[in-house]
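Subject: Handing over the two-chain model

Hello,

I am passing this structure on to you. Please have it open while you read the notes below.

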Amino acid sequence: MARRPILGVFDSANSAADAGDGLRRAGIPETDVDFLTDTPYPEGAFGEREEPHRLYIFPFIGALLGLTSGILLTSMTQVAYPMVTGGKPILSIPPMAVVCYEGTMLGAILFTVLGIIFESRLPKLKAGLYDTRITEGYIGVLVNTEETQHGDVEAAFGQAGAVDIKRE
Amino acid sequence: MQEGRVLSTREINRDLLRSILDTPRWFWPVVTVLGLILLVAAIAIGIMVNRGLGVTGLNRPVAWGFFITNFVFWIGISHAGVMLSAILRLAKAEWRRPATRAAEVLTLFSLMTAMIMPIVHTGRPWRILYWVFPYDFARGIWPNIRTPLVWDPSAILTYLTSSTLFVIIALVPDFAVLRDHTTGIAHRVYSVLAMGWEGNARQWKLQIVAGVLLSALILPVFVSVHSIVSWDFGMAAAVKSWHSTVFAPYFVVGAVHSGVSAVAFALILLRWCYGWQDYIRHEHIDALGRLLIVVATGWFYFLVMEILFGMYGREADELMVRQTQFTYWPYNFWFILFVITTYFIPVALWLSRAWRRNLWIMSIACISVNVGMWLERFLIIVPGLINKQLFTFVWADYRPSIFEYIIIGSTFALVTLLMLLFSRVFPLVPLYDVKEGDVLRTQVQIGRRTVPATFRED
């Protein structure tokens, strides 16, 4: 049986949370339910599952790559044209540290941004079931489940006071 | 710090998207005037490039004049944005919400403007690539990483890239709002920019974590940028008065001082232009005023230290520069004006709660700081160079030409124009941040008083 999305639109956080409770009672797995809002609500406000992520790894990888690039760039450019100035060593550490530092930070930030996009599952190329009222303050409860369970989902939405129910 | 009324999402969307969905009557005339100023500046730059730097007042020994002064000034302004946004975000300061985006965007545009200055200053802009781009364009000669000429671009480009990404990531949820409120080409463009954002719990969690993580990563970059700008001076071996050990923190604190003042003034202007009285409230300007008292006093401490360290060394070159700053006309006048406008006038105004909440007085105080901070950079650069020092074989004063005045004046028009154009296509107050503030807002009954409060999630 095909899995299809169904979206309930609610006008308050409490009714959306009630819908979440109703879905749990109807045996809909938490992984099949998403709460769509136009502002960040405190985590767990709708009784939703905790979202694990690995974003913290990204800046470390980026910093390492940035530092390596900085060291390679600064050392190789100096070795490529080895001109002694002021009796100082060819590989002069203090100026290398400046460029390496900036390289490290740039790498960390670039990878963090990539990590945010990747972990947020963006870009989402195919538009899913959605309602533009969500950005007007309504809350969408999106359930992606077997079509046989759509009756239970609609019942849960209806009991919680859904303003609208949409199918694909 | 919760003085405004609670607004519905519909009201927030309507008010904050007004600058994008409706064009105010003053918009195009102002853009035209600013565009004309930039056109005049472009002609001035064209003539300067064609005839050479001889058309400016730059000459030996004053090789750095208005252009480098303006470069340091705009780098300083750029420090406010991300610093304000990042520190307040990390500190979870509730009043940050309407101020962050405008501050971050001011960072971007002032950094871009700052970058133009050294390029113009070279007189041969096309040669910049040979000096700083990490590629051996000719004869196997790579940029010399031992010079601040390379450190500066590496720091500024890192800061610019980071700040741009910081702004874009925070804009994604607002792109989705715009996607849902537009039609036609605009809808298609905002749909692409929103990348399919739907506002599920995972995306919001990542957005919040990203704000904190990027803030923590950008703060060290922000400190490094103005430190490196100060080392541009420190590395100039011949000018003795530029070697103070407090230069880096002095520059950083000075940058924060001028930058935060600029942000406060920009917020007042935005409130006035777009009628955002419910969002940029007196309490926000008041809070910025209080923050500025601390920053200004910190900066004043470094100023005194910088002068004291220089004087106690009893080096002839250093004393000569101080003598120029304190006793020679017109530098003595500029110096007095600089100290009064940067510290004594604004701090005296900010000490009064009523004056901090008076937008006219706050505007005067913030403009005063920036007039003073521009003079500060001028007084570091020019008196340092006009004095006879090691390897100075020509001794002359510096008189900026009309070309320098035009180009410097146009940078203010450029930043204003870029901010206005940005506000036409993207919201300058973060919608989701303001909405989150309203979601978390509550009232607490303490005895017989009802106190406005905010829930905070740790």
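Here is what was found, topic by topic.

**Ground rules**

This is a predicted model: local features need pLDDT of at least 70, side-chain atom pairs count only at pLDDT 80 or more, and totals for chains, interfaces and linings use all residues. Residues are numbered from 1 along each chain as its sequence is written, while chains are lettered from A and ligands numbered from 1 in the order in which they are written.

**Chain B overall**

Chain B has 17 helices and two strands. Helices (H or I, at least four residues) and strands (E, at least two) are DSSP runs, numbered from the N terminus. The radius of gyration of chain B is 23 Å, close to the 23 Å that the globule rule gives for 458 residues, so chain B is as compact as a globular protein of that length. The radius is taken over C-alpha atoms, and the globule rule is 2.2 Å times the number of residues to the power 0.38. Along its principal axes, the C-alpha trace of chain B spans about 70 × 55 × 40 Å.

Of the 458 residues in chain B, 48% are buried. Buried means that 20 or more other C-beta atoms lie within 10 Å of the residue's own; exposed means 12 or fewer, and partly exposed is in between, with C-beta atoms placed from the backbone. Take the contacts in chain B with a separation of 6 or more: residues 24 or more positions apart account for 79% of them. Two residues are in contact if their C-beta atoms, placed from the backbone, lie within 7 Å.

**Where the chains meet**

The contact takes 49 residues from chain A and 52 residues from chain B. On the chain A side, strand S2 (33–36), helix H2 (57–80) and helix H3 (93–119) each supply at least two residues. H3(A) gives the largest share of that side, 14 residues. By class, the side of chain A that touches chain B has 27 nonpolar, 13 polar and nine charged residues. Ala, Val, Leu, Ile, Met, Phe, Trp, Tyr, Cys and Pro count as nonpolar, Asp, Glu, Lys and Arg as charged, and the others, Gly among them, as polar.

Two packed helices are described by the angle between their axes and the distance between the axes. Axes are lines fitted to C-alpha atoms, for helices over the stretch in contact, and angles run from 0 to 180 degrees between N-to-C directions.

Start with H11 (residues 282–312) and H13 (residues 331–350) of chain B. They pack at an angle of about 150°, with their axes 9 Å apart. H11(B) and H13(B) are therefore roughly antiparallel. Angles under 35 degrees count as roughly parallel, over 145 as roughly antiparallel, 65 to 115 as roughly perpendicular and the rest as oblique. The crossing of H11(B) and H13(B) is left-handed. A crossing is left-handed if the near helix is turned anticlockwise from the far one by less than a right angle, and right-handed if clockwise. Residues in this contact include B:Leu292 and B:Phe300 of H11(B), and B:Tyr343 and B:Trp350 of H13(B). By class, the contact of H11(B) with H13(B) has eight nonpolar, one polar and no charged residues.

Next come H4 (residues 66–90) and H15 (residues 359–386) of chain B. Their axes come within 9 Å and cross at roughly 135°. H4(B) and H15(B) are therefore oblique to each other. The crossing is right-handed. Among the residues in contact are B:Phe73 and B:Gly76 of H4(B), with B:Trp374 and B:Arg377 of H15(B). The contact of H4(B) with H15(B) has seven nonpolar, two polar and one charged residues.

**Backbone details**

Which peptide bonds are cis? One runs from A:Leu122 to A:Pro123, with omega near -5°. A:Pro123 sits in the loop between H3 and strand S3 (139–146) of chain A. Another runs from B:Trp329 to B:Pro330, with omega near 0°. B:Pro330 lies in the loop between helix H12 (316–327) and H13 of chain B.

A:Arg121 has a positive phi of about 60° although it is not a glycine. A:Arg121 lies in the loop between H3 and S3 of chain A. With 14 C-beta neighbours inside 10 Å, A:Arg121 counts as partly exposed.

B:Arg314 also has a positive phi of about 60° and is not a glycine. B:Arg314 is in the loop between H11 and H12 of chain B. With 8 C-beta neighbours inside 10 Å, B:Arg314 counts as exposed.

Best regards
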